[in-house]
Amino acid sequence: MSDDFDLLETDSSSKKQEKVEVNWGKAVDQMKSKLAQEDDPEARQKILNATLDDVVGMAEKDRSSLLDAIKDLTDYQDEVGIIFEKFSTLNADEQKVIDNAQNELEKAKRELEEAEAVTDNWWNNLWGRKAKIKKREAELKLAQAERDGADMKAKAMFQERIESADVQTLLNELSYKSQAAVTRLKNREVEIKEVEEKLQTAIVEASKNHTKALEKKKETEDKLEEQYALLKQARQALEEIADKQTAAYSEAIGKVTTIEQKVEELEGLKNAYTTLAASKDSFVHKHNLTIKVLTSLRSNLQTHRAKLKSDTDERLKYYDGYIVALKARTDQEFAAILEHLGVKTDEHIGQTLAAMHTASAKARQDMMDNIPVHEKVMQGVYGSYAESLQEIRQKDAKIQQNFADRYGIDMKEIFEEYYATDGDAPAPTGGDQTPPKPAADVEDDLLS
C-alpha cells in the first residue's frame with residue numbers, strides 16, 4: 001500500500017515538468033497589492049446587521065473578487081511563463097481548440113518526415129519529391145503557427161466563459177489552480193534537488209582539484225628551491241671568471257640563462273597552481289553557499305506545497321459547504337417569496353371575500369331601502385291616477401247634466417254602462433245588463 005500521506009515527499013523519479021522561461025516582472029508585486037486591498041474594516045458591522053438581501057451583495061462581491069483573481073492568475077501564468085493549458089481547467093470546446101491544433105501539428109511533422117524519407121534520386125525528384133518536401137515544410141510552419149496561437153485562443157474563450165461564471169465554477173477553477181500549483185512546486189523541488197546533487201558532485205571535484213593544485217604548487221616550490229640554489233651557484237661561478245672573452249665565460253652565461261628560464265617557468269607554474277587552488281577553494285565555498293540557499297528554498301517549497309495540498313483538500317470541502325450555503329440561502333429566499341406571495345394571495349382573497357360579503361349586504365340594504373321609495377313612487381302613480389279619474393268623473397257628471405238639460409235624457413245609465421263595458425262595442429239587445437262581478441284576487445306568495 002502506497003503512503004499518500006507523506007506530503008513532504010520529493011520523488012526525483014517523478015515526471016519532470018517542462019522547463020519554461022520565467023519573466024517575473026511586476027506580477028508578484030501586483031498580485032500582492034491586490035490581495036492587500038481586500039481588507040474590509042466594516043466586515044464586523046456587516047455581519048452584525050446582515051440580512052438575506054445583504055448576503056446577496058456579499059456573495060456577488062465574492063464572485064467579483066474571485067473573477068478578478070482568476071483573471072490575474074491567468075495573466076500571471078503568461079508573465080512567468082507557465083503554459084496555459086497546464087494550469088487552467090478547460091471545457092470541451094476550449095480543450096478541442098488546443099487538441100485540434102496539436103493534432104494538425106503532429107500530422108504535419110509526420111507528413112514531412114514521410115516526404116523526406118523518400119529516396120533522393122533523379123526518378124523520385126522527377127515525380128516531385130523536392131516539391132512535396134517544400135509543401136510539407138510550409139504546412140508544418142502553418143501548423144506550428146496555429147498551435148502557437150491555440151493557447152491564446154483557448155485562453156480568450158476561457159476568459160469569456162468565466163466572465164459570467166457562477167461562484168461554484170470560479171471556486172473550482174481556483175481549486176484546480178491550487179492542485180496544479182502543488183504539482184508544479186513538487187517538480188520544482190525535484191529540479192532543485194537535482195541541482196543540489198550536481199553541486200555536491202562539483203564540490204567534491206573542486207575539492208579534489210584544490211588539493212591537487214596545492215600538491216602541484218608544493219612540488220613546484222620544491223623544484224624552485226633547487227633551481228634557486230643552482231642559479232646562485234651558476235651566478236657565483238660566472239663572477240669568478242675574470243676573462244669575459246673566453247668560452248668558459250660564455251658557457252657560464254648560457255648556464256645562468258638556462259637556469260633563469262627554468263626558474264621563470266616554475267614561478268609561472270607556482271602562480272598558476274596558487275591561482276587554481278584559490279579558484280577551486282572559492283568555488284567550493286560558492287557551491288556550498290548555493291546548496292544552502294537551494295536547500296532552504298526547497299524546504300520552503302516543501303512547506304508551501306504540503307500546506308497548499310492539505311489546505312486545498314480541506315478547501316474543497318469548505319467550498320462545498322459555501323456553495324450549499326449559497327443554494328440554501330437561495331432556497332430560503334425562494335421559500336420566503338412563496339410565503340410572501342401566499343400571504344398576499346390570502347390577503348387578496350380575504351379582501352375579495354370580505355368585499356363580496358359587504359357588497360351583498362349593501363345590495364340587500366339597497367333593495368330594502370328601495371322598497372319604500374318604490375311604494376312612494378307607486379303612491380304617486382296611484383294618486384295621479386285617482387286625481388285624473390276624479391277629474392274625469394267630474395267632467396262626466398257635467399256632460400250628463402248638460403245632456404239632461406238639453407235633451408231631457410238621463411245619461412247616467414249610459415255612462416255607467418259605457419264604463420262597465422267596452423265603449424266601442426255595440427250595446428247588447430237584451431238579457432241581464434248587470435256586469436259580472438270580477439273574481440277575487442288570488443294572493444301570490446312571493447316568499448314561498
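Start with the salt bridges: a search of the whole structure finds 16. A salt bridge here is a side-chain nitrogen of Lys or Arg within 4 Å of a carboxyl oxygen of Asp or Glu. Side chains of opposite charge can pair when their charged atoms come close.

This is a predicted model, in which local features need pLDDT of at least 70 and side-chain atom pairs count only at pLDDT 80 or more, while totals for chains, interfaces and linings use all residues. Residues are numbered from 1 along each chain as its sequence is written, and side-chain values use heavy atoms, with hydrogens and water left out.

**Stop 1: E111 and R136**

Select E111 and R136. Their side chains meet in a salt bridge, 3.4 Å from N to O. This pair links distant parts of the chain: E111 sits in helix α4 and R136 in helix α6 (residues 129–163), 25 residues apart. Helices are DSSP runs of H or I, at least four residues long, numbered from the N terminus.

The classes are buried (under 20% relative accessible area), exposed (over 50%) and partly exposed in between, with a 1.4 Å probe and protein chains only.

**Stop 2**

E139 has 28% relative accessibility, so it counts as partly exposed.

**Stop 3: K218 and D222**

Move to helix α7 (residues 167–240), which holds both K218 and D222. They are four residues apart, about one turn of the helix. Their salt bridge has its closest N and O atoms 3.0 Å apart. D222 is partly exposed at 37% relative accessibility. K218 is partly exposed too, with a relative accessible area of 46%.

**Stop 4: the negative patch**

Which residues form a negative surface patch? Select E113, E114, E116 and E137. Patch residues have over 30% relative accessible area and no salt bridge, and like charges are joined within 9 Å. Asp and Glu count as negative, and the place of a Glu charge is taken as CD.

Helix α4 (residues 92–117) gives the largest share of the patch, three residues. Finish on E113, which is in helix α4. E113 is exposed, with a relative accessible area of 53%.

How values were computed. Patch = residues over 30% accessible without salt bridge, like charges linked within 9 Å, V, L, I, M, F, W, Y side chains within 5 Å. Areas by Shrake-Rupley, 256 points an atom, 1.4 Å probe, with all protein chains shown as cover. Helix = DSSP H or I, 4+ residues; strand = E, 2+ residues; numbered from the N terminus.
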